[in-house]
Amino acid sequence: MKEFFPNVPEIKYEGKESKNPFAFHYYNPDQIVLGKPMKEHLPFAMAWWHNLCATGVDIFGSGTADKSFGEKPGTMEHAKAKVDAGFEFMKKLGIKYFCFHDVDLVPECADINDTNKELDEISDYILEKMKGTDIECLWGTANMFSNPRFMNGAGSTNSADVYAFAAAQIKKALDITVKLGGRGYVFWGGREGYETLLNTDVKFEVENIARLMKMAVAYGRSIGFKGDFYIEPKPKEPMKHQYDFDAATSIGFLKQYGLDKDFKLNIEANHATLAGHTFQHDLRVAAINGMLGSVDVNQGDFLLGWDTDEFPYDVYTSTAAMYEILKNGGLTGGLNFDAKNRRPSYTHEDMFLAFILGMDTFALGLLKAAKMIEDGRVDQFIERKYASFHETEVGQKILNNEIDLKGLSDYALKLRAPALPGSGRQEMLEAIVNDILFGQ
Ligand code: XUL
Ligand code: CO
């Protein structure tokens, strides 16, 4: 079997003293953290599209990275070489999961019947490749945003034929996801939104999206898909306004259309920040609604207003994220690197160095989040903050729904003026987090 990355060895854990860039310094798969091996806390996934397809093309210039893997792009030989390269890559890094869009796997043909034949062939090839490995499919999805036919959206399109075409792609992507044993199926509504309300019937579009998702659930369940469907919220880009704006909006939509039993959310860090939230905020909103399913961990850049899909390096953020994930009792999905190398980091070695950075960043985040929980100061503070509801008669009555508005008003009038609530102590808490991150 041809080796695609001969310059890169299997990446091992060497600890923080090691200066070897081709080694993990914090990600130690079998190290037990809060009773579970790190590799179970951190179900890392490789995104087919960025890692095996993207060459660094941007609107100002062509690609810098060679992802041909010795074959001519646009052919099935190339599609298979990507499978071979991808499996070598995942094995060398100890990554257990992959995610894909339909058209990441094969070149899209003019006739969907031909694309579907290619998808059958490549999924057979991937299935064969998976045998004897512990590599699994985390989730699949259909790319319903690149092809010009989706210019006005897929579920939100104004064309009934394009809508049918979207359905056909979803059906096939679900077939393949099930065939590969995928844990989840993602809807990222890249073009489900609008540029101007002057040409858009929002109610019509949103209802049609829900209709398509319901059909997807019915079909998925009929072919034995037991996993979760996910919405991946994002507020904008490519559209000016996207309907799945953030976690809260998406949850409201899912509940309104009765999709909340079959769907959870796939929260992406930079999508949350584009919505004006922190990553942690959207993780929390999903978690408290029982809908934190999976995560795209790539980060953005606060100085840029777009989705930069960077490999995460910010340990403050990865700690906050892992804190939410630990509190959620883990994920039914995984931690997908929907991330790409910066354009000047164009070599095959850079692909590995990027994953080492991302995996170490989340390993550090896990270790620090576990410390935060074991340390207990932050959790205790939050618990004490609401003590008046638990420790006073009026507080208990409120929580037990034993008092009405007039009763509370009578109580307040008797009190005449309440004392100020306890201090929020934000600065003290931030100092505690710094101590846990950098002092211990
Ligand atoms: C785009 C994005 C997508 C989804 C899958 O911003 O995140 O790659 O993760 O379609
Ligand atoms: Co994503």
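Let's start with strand β7, residues 136-141, which is mostly covered, with 5 of its 6 residues buried. Buried here means under 20% relative accessible area, exposed means over 50%, and partly exposed is in between, with a 1.4 Å probe and protein chains only. Strands are DSSP runs of E with at least two residues, helices are runs of H or I with at least four, and both are numbered from the N terminus.

A word on what you're looking at: this is a predicted model, where local features need pLDDT of at least 70 and side-chain atom pairs count only at pLDDT 80 or more, while totals for chains, interfaces and linings use all residues. Residues are numbered from 1 along each chain as its sequence is written, chains are lettered from A and ligands numbered from 1 in the order in which they are written, and side-chain values use heavy atoms, with hydrogens and water left out.

Back to β7 and its partners. Two strands pair if DSSP finds at least two bridges between them. Strand β6, residues 97-101, runs parallel to β7 and is joined to it by 5 bridges; in that pairing, H101 stands opposite T141. Strand β8, residues 184-187, also pairs with β7 in the parallel sense, over 3 bridges, and there G140 faces Y185.

How do you get from β7 to β8? Through helix α6, residues 160-179, in a right-handed β-α-β unit. Right-handed means that, with the strands pointing away from the viewer, the path from the first strand over the helix to the second runs clockwise.

Now please find M46, in strand β5, residues 44-47. Is M46 buried or exposed? Its relative accessibility is 0%, so M46 counts as buried. Leaving out residues up to four places away in sequence, the contacts of M46 include F89, M90, Y97, F98 and F355, where contact means heavy atoms within 4.5 Å. M46 and V297 are 251 residues apart along the chain, and their C-alpha atoms are separated by 11 Å.

Next, helix α12. This one covers residues 348-375, 28 residues, and spans 41 Å from its first C-alpha to its last, close to the 40 Å expected at 1.5 Å a residue. That expected span is 1.5 Å times one less than the number of residues. After α12 comes G376, with a positive phi near 80 degrees.

Let's zoom out to the domains. The assignment gives domain 1 as 33-375 and domain 2 as 378-438; such bounds come from an automatic or database domain assignment. Taken over C-alpha atoms, the two domain centres are 39 Å apart. At the interface, 10 residues of domain 1 are in contact with 8 residues of domain 2. Together the domains bury about 850 Å², 58% of it on carbon and sulfur atoms; buried area is the accessible area, with a 1.4 Å probe, that two parts lose on being put together, summed over both.

Finally, some backbone details in the loops. E237 and P238 are joined by a cis peptide bond, with omega about 10 degrees, and P238 sits in the loop between β10 (228-231) and β11 (241-242).

D309, in the loop between β13 (292-296) and α11 (315-327), has a positive phi near 50 degrees without being a glycine. At 8% relative accessibility, D309 counts as buried. N401 isn't a glycine and has a positive phi of about 55 degrees. N401 lies between α15 (393-399) and α16 (405-415), and with a relative accessible area of 70%, N401 is exposed.
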